[in-house]
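The exercises below concern a structure with its sequence and coordinates.

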Amino acid sequence: MTDHKPLLDPALLGAEVVEPVSTVASGPLLEAVDIRKRYGRNEVLRGVSFGVERGDVKAVLGPSGSGKSTLLRCLALLEPIDSGQVRLEGRTVGVRSSGRAARLPERELAHQRRDIGMVFQRFNLFPHLTALGNVMLGLTEVRGRSKAEAAQVAGDMLERVGLGARVRFYPSELSGGQQQRVAIARALVMNPKVMLFDEPTSALDPELVGEVLAVMEELAREGMTMVVVTHEIGFAKRVASRVIMMDEGEIVEDGTPTEFFGSPRHERTRRFLEAVH
Amino acid sequence: MNFDPTVFWQALTSDTFRQGAITAIALTVVAQLTAVVIGLVLAVMRGSGNRLLRGISWTYVWIFRAIPTLVQLLFVWNALPQLFPSLVESWFSPFLAAWLALSINEGAYMAEIVRSGLLAIDEGQQLAARALGMTPLSVFRRVVLPQVIRVIIPPTANEFITMLKITSLASAISLQELLTYTQQSISITFRFAEYYAAAAIYYLVIVSVFMAFQAWLERRFLWSSQRGGGERRFVTALRGMGAR
């Protein structure tokens, strides 16, 4: 990227980013505890557990249909889980805190989702809004910022992802790589505690993958906590602090990139890595 | 050919015809707009998780699409005041009765149009909006609705034009609209061709204005940074209309 401004700037994003040290719980920032999920007879997640430390980048690999995307949607509180827990900063989210674990009503879930940023494979930008409008929407609708203030913050964020000259363009007028960078800016501007990426480069032409990965690498360098479902082995090797292998709804391997790619313990991981190389 | 241009011109420029046209336009606009609101509510009910709401919506569409519009019009005007004597009052005018009957009837059709619009929206749109932390109402207003509007403009414009023509049914309940005046004039003068032609011209002009408005609205929902300024936009819209 050409600009040198950091993607994460507390002053720009507003005061809520500054957390008193006392509330920072020890232990993982985001934690999945024995998550199970089935669609009808199809058991998509069969007891998935893992933690993501603050500032960690967790890459999730695995064949298609292994439950990676579903896992991410469950972590983003977009899909109800059948059993298990999602914990953010040690607090169980998505369900009532007292009594039986009933799912929260959509309004209250919405409130909890503000702390979790999500980037989708097919961008899912709002076609009726400009790049600026897309990034502004969460600020005005969710964070309650004024339009002028939101435009300022959103414009700055778009500049940081290298799209300062494209703020007035509609999604249909942007390349896939540009659209995905707008989508990252849209999530980032909400100042989330963790960012979830669902195969963010899978829908891109090969020559556009680099610009999106560059933004994500920058983000990782600045200390953002990230969970990235990806097929980009190179990215996982370079950027991830830990790599997970999922197959048939289970985590079959969880290690540092050196362990994971150097000496995978599990046979399924070995076969997968041979297939994608 | 026995066509008297003077009679035709007199009819075209007469106050009664203008009055009739204004009544027809007014009835079309209020009835159709009411129907759009009814359709929106019904379509949302139809898509809800609540079985009762879904059932009510389905039943509404079933009943009011099945019964002929003229029957519904006559029912509201003749039968309702008999059932509810308070409607015998003078404020229950033919215009009000026609508004009520036509919007209830049209609401059933609009419900299906809005439903098709809702089905056309990619589910990823709601997902992305929810992921931002937007509440259900906010997701609907800011993300779903603008996209639905774009999809339903062409079929709704169709319905507008159909509604204009259906308002002539209201002559059956003594509403003084364009066709009523035409019939009255003919019954006095027995000049069929001239008066029908004048009425036809009125309908043509009104529909043309509707079409220009539709073209302008469609351009507003183009979602392109290349969209020009206001005036140029309207001119291009008119040109676009001619090209169709």
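The conventions come before the exercises.

The model is predicted, with local features needing pLDDT of at least 70 and side-chain atom pairs counting only at pLDDT 80 or more, whereas totals for chains, interfaces and linings use all residues. Residues are numbered from 1 along each chain as its sequence is written, chains are lettered from A and ligands numbered from 1 in the order in which they are written, and side-chain values use heavy atoms, with hydrogens and water left out.

**Exercise 1. Describe the interface of chain B and chain A.**

Step 1. Count the residues in contact, where contact means heavy atoms within 4.5 Å. On chain B 23 residues take part, and on chain A 27.

Step 2. Search for salt bridges (a side-chain nitrogen of Lys or Arg within 4 Å of a carboxyl oxygen of Asp or Glu). The rule finds 3 across the interface.

Step 3. Helices α6 (123–131) and α7 (136–166) of chain B each supply at least two residues to the side that touches chain A. The largest share, 7 residues, comes from α6(B).

**Exercise 2. Determine how helix α4 of chain A is enclosed.**

Step 1. Apply the burial criterion: buried means under 20% relative accessible area, exposed over 50%, and partly exposed in between (1.4 Å probe, protein chains only). Because 9 of the 11 residues of α4 (residues 131–141) of chain A are buried, this helix is largely enclosed by the rest of the structure. Among the buried residues are Leu132(A), Asn134(A) and Met136(A).

Step 2. Identify the packing partners. The buried residues of α4(A) pack against α5 (147–160) and α6 (176–188) of chain A, together with α7 of chain B.

Step 3. Inspect a neighbour. Leu158(A) touches Ala131(A), Leu132(A) and Val135(A), among others, not counting residues up to four places away in sequence.

Step 4. Chain A has 10 helices and 10 strands, and buried residues make up 53% of its 277 residues.

**Exercise 3. Are Thr156(B) and Gly117(B) buried or exposed, and what do they touch?**

Step 1. Thr156(B) is found in helix α7 of chain B. This residue counts as buried because its relative accessibility is 11%. Leaving out residues up to four places away in sequence, Thr156(B) touches Gln32(B), Val36(B), Met110(B) and Ile113(B).

Step 2. Gly117(B) lies in helix α5 (residues 94–120) of chain B. With a relative accessibility of 0%, Gly117(B) likewise counts as buried. Under the sequence exclusion of up to four places, Gly117(B) touches Val148(B), Val151(B) and Ile152(B).

Step 3. Check a distance. The C-alpha atoms of Gly117(B) and Ala43(B) are separated by 9.4 Å, although the two residues are 74 residues apart along the chain.

Key. Helices (H or I, at least four residues) and strands (E, at least two) are DSSP runs, numbered from the N terminus.
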